[in-house]
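Dear colleague,

Please find below the structure that I am handing over to you.

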Amino acid sequence: MAQKLPLGLRFVLVTCLILSMMLPAGQVTKAATEDCSRQATVIEIGAQAFGLPLIQDAITTQYDRDSVRLQAGQSFRVMLEVPETGDYLLRWDAVSPAEMLSAPIGQVRVDDVFPAPAWQRIIFPMYYRNSTATFPKDRYGNDALIRQERELRWSKADVWDVQRLGDAPQSVFLTAGQHRLDFTLSEGGLYLGSLYLERVEPLLSYAAYRASCPFEAVSNFSVTLEAEFPAYKNDTAVRPISSRSLEVTPYDTYRLLLNTLGGSSWTKSGSAVYYKVNVPQDGLYQITLHAQQNMRSNFTVFRRITINGQVPFEEWNAFAFRYSDGWVNVPLVYEVFLHQGENIIGLESTVAPYRPAVETIQQALLDINSLALEIKKLTGNQRDPYKEWVISDYIPDITERLNTILEHLEADKNLLLMVSGGVSSPEVLTYQMAMDNLQFLAENPDQIPTYMNRFSEGSGSAAQLLGSLLPLLQSQPLTLDTITIHSADRLPQQPKVPLGRSLSEGFKRFVYTFRPNPYQSLGADEGELEVWVNRPRVYVDLLQLMSDETFTPQTGIRVKFSIMPDESKLVLANAAGIQPDVALGVSTNVPYELAVRNALYDLRSFEDFDSFINIYSPGALLSYVLNDSVYALPETQDFWVTFYRKDILDSLGIPVPHTWNEVIEILPELQRYGMNYNTPLSSGAGLKGYLVTAPYLFNYGAQLYSADGFSTGLQSEEAIAAIRFMAESFTMYGMPLTTASFYESFRYGTLPIGVSNFETYIKLRTAAPEIDGQWKIDLYPATVLPDGRQNRYATGSAQACIMFKNAKHPQEAWQFMKWWMSTETQTEFQERLVLNYGPEYLWNSANLQAFARLDIPEEHKQVILEQWQWLQEPVRLPGSYMQERELSNVWNRIVFDGANPRVALDRAVIVINREIRRKMEEFGYLKDGKPVREFKVPTLETVKGWQENGR
């Protein structure tokens, strides 16, 4: 009979066995004390336990364990056997498929509940790398961004809070015994390998780390890495930028070199870059960064430093980078163990030291909004400076609640001062201004109804001041030049620029500024197509690169792109004979103004035009049609859809409205809680253009113009009904007259539902992590007609591309326009934009086939594409600008002056008809008030007929 081992020895053997299970096969297993890493008890559960088919393909060959592949909506259940009660981390070996551009998202329930909100939205990491080792050059010799591609890297995925505020992954408390884990993949696709249950252990202090590390410091070693060339990264927004400083490397007097990394592109918590370094021997090394943080005055930013995937000790979990107006060497202070061969150094932006302040502000905003809502219920949201309130009789604890908010803010203000080294920053001053408002109101609580502009409403209120602080505290900008790994006896020297060289370079650059900017210079070489682009340089650079890579080799046509000097001067450029062949990014109102002056080329004169336009929504072309001719192609396309806060509507029991009748039904309930519904008419002041007024007319079945186009169509009963509803939405139903920012109001919950566009969508996707997963979109509300039909027409104008009539190379220009708007080119362009610059550069192509390939949530994409089936742009004709203006004036007269809709409209009709007739005579369609030339008013059926002919 075998002899029993002592209990202590048995525990050691079990721990070693578990540790060996978690290490990938083929790697040398080292004891914790041999590589200075900390010990942790880990339980591994192989993918075969997930109950899904195991898979083997090119991706799984990089992984030495079993794995499964999941698609959105798939789930599995695993039983966990927990050896002892305590806090545990859940980690997965994971990688997303090569075709994915957005991170997969999953959720986990433990024993049928979410352990914390973060477990409802687990974002799995994705990595990207440069496709080449050197920067390509543009045609002017300047560096261009390297095309990014996916790095298919198996890695450990942790559960982090969505905003990445924490200093460690989320853990779950488990009692000893059996537990049930349910995993569901909500979005995207994902390969999953083993699941690890790891007991939470605190990070070692550096003293403890050093004491446990048996290695000595190395000597006589130094290697410098250029920061602009990371091995890989987890956020495409983090990109190289150009610095003209003489202290950075490399440097060129005349050329723009992408010689640093980060800056304003590296601000988001959780964004990380990774560098590979080879060292000759095991030992302790030092790391020094050549860095600059001059974007935020007196503000300290933080980075989490990892070595081979782990934070080695507590001091590197949030390493501080102080404000510096110039480039400085920042030693990472401590020596760290690197093993012989390849090591990976990670630098991750983290907001963890500011977490208490961020959470305090978020709670303060909730408390302020809650208290403001209670006050509005009492006062009926009426403000009368001559009416006195004794609010404390109705809300007895109001002073105590205000003082509690103040106490928490005071503590966090002191925290900010401590983090910034005792130096007052703009953030601290903003804190103080918000606290001063609250202090004033706490001393005079009965005056709050009169001073709501100091409490919760207006740009200087406590709520708005605190709200503006949130994105500032969560932004962590840092710029890197180099990373040096070295021994203690090879410290890198701070670069010093001799005065003579500084003066010489400054003079040379000054002289060079007198040369014309090649990106804005006009004119092209002989035989070269000239294209002006009404967009920033990042778009122009990518266009030039793609054209040189693809279009020119395929067709032999060379293209020169220039940044458009001034869109409003296109008419003058045409008159002066310096117009380009093609212009891109032109605002939607410009093509008609040029076409009616005979400045543009009729694109329908090309034989394949009808077949080409099948990539568009028929209504997208209506603004560019003049008689039977088309003078522009839609390039980008907006959309108007319903945005709603699912969490708020669910908590109030309010259904999502699908028609305007249903919107009106939910308004009293929303307004009872101090909330409302946003419409496009609420956005901004001044002229209410066709963009927001025309859909009301379309949906009531009204025509904008008479059949011959020589008078307005606003006399109809349908038009009067549409305008009446357009006004009564505000006068009778109390929708907000003005909304300073629907995005901000939506985030804070004061407008939890409303109609908005692509701009709001981008902001919510990229700059509102705190409500990620809590909002959705739906179709534009339908207008129900008396016969039961439902119309939900909406505009979608954005930007267009045009060809000038005097183009030197019209056939080549048409070839270019077809190439540019083709599905393949638009798809590649939108992918490269996101890969190079991040999701903020999402491209809303008017090409429906290309948009269908855009990497956004499928449910969002389907809503947008369905809404685009209802896209209808207002037709333009000579004098239509007066109708657009008068529609706005009619709305203003009804809403603000209380005018009768029919009377207001009758006045407008006279003005509109007079201007239309005047312009029709000017352009030769009328003479002495009588038609002499037919004017054809295009309709949706007109464009659909062209598309049908081209099929």
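Pro 250 sits in the loop that joins β15 (240–241) to β16 (260–263); helices (H or I, at least four residues) and strands (E, at least two) are DSSP runs, numbered from the N terminus. The peptide bond that leads from Thr 249 into Pro 250 is cis, and its omega is near -10 degrees. Asp 112 belongs to the loop between β5 (105–110) and β6 (122–123). For context, most residues other than glycine have a negative phi, and most peptide bonds are trans.

Please note that this is a predicted model, in which local features need pLDDT of at least 70 and side-chain atom pairs count only at pLDDT 80 or more, while totals for chains, interfaces and linings use all residues. Residues are numbered from 1 along each chain as its sequence is written, and side-chain values use heavy atoms, with hydrogens and water left out.

Two sheets may be described next. An open sheet with mixed pairing consists of five strands in the order β26-β25-β27-β37-β30; two strands pair if DSSP finds at least two bridges between them. Its edge strands, β26 (558–563) and β30 (633–636), each pair on one side only. On average, neighbouring strands of this sheet are turned by 25 degrees against each other, direction ignored. Within the sheet, β27 (residues 582–587) and β37 (residues 799–803) are antiparallel partners over four bridges, and Val 582 stands opposite Met 803 of β37. Helix α10 (residues 537–555) lies across β25 (528–533), β26 and β27, and runs at about 180 degrees to β26. Axes are lines fitted to C-alpha atoms, for helices over the stretch in contact, and angles run from 0 to 180 degrees between N-to-C directions; contact means heavy atoms within 4.5 Å.

The other open sheet has four strands, ordered β32-β33-β31-β34, and its pairing is mixed as well. Here β32 (677–678) and β34 (775–778) are the edge strands, each pairing on one side only. Strands β31 (residues 641–645) and β33 (residues 753–756) pair in the antiparallel sense over four bridges, with Val 641 opposite Ser 756 in β33. Helix α23 (residues 858–868) lies across β31 and β34, at about 25 degrees to β34.

Two helix pairs follow. Helices α16 (residues 690–699) and α24 (residues 880–897) pack at about 85 degrees with their axes 10 Å apart. They are therefore roughly perpendicular to each other, a term that covers 65 to 115 degrees, whereas under 35 counts as roughly parallel, over 145 as roughly antiparallel and the rest as oblique. Tyr 690, Thr 693 and Leu 697 of α16 make the contact with Ser 880, Gln 883, Glu 884 and Leu 887 of α24.

Helices α20 (residues 810–821) and α21 (residues 823–837) pack at about 55 degrees, their axes being 4 Å apart, and are therefore oblique to each other. Trp 819, Trp 820 and Met 821 of α20 meet Thr 823, Thr 825, Gln 826 and Phe 829 of α21.

Yours sincerely
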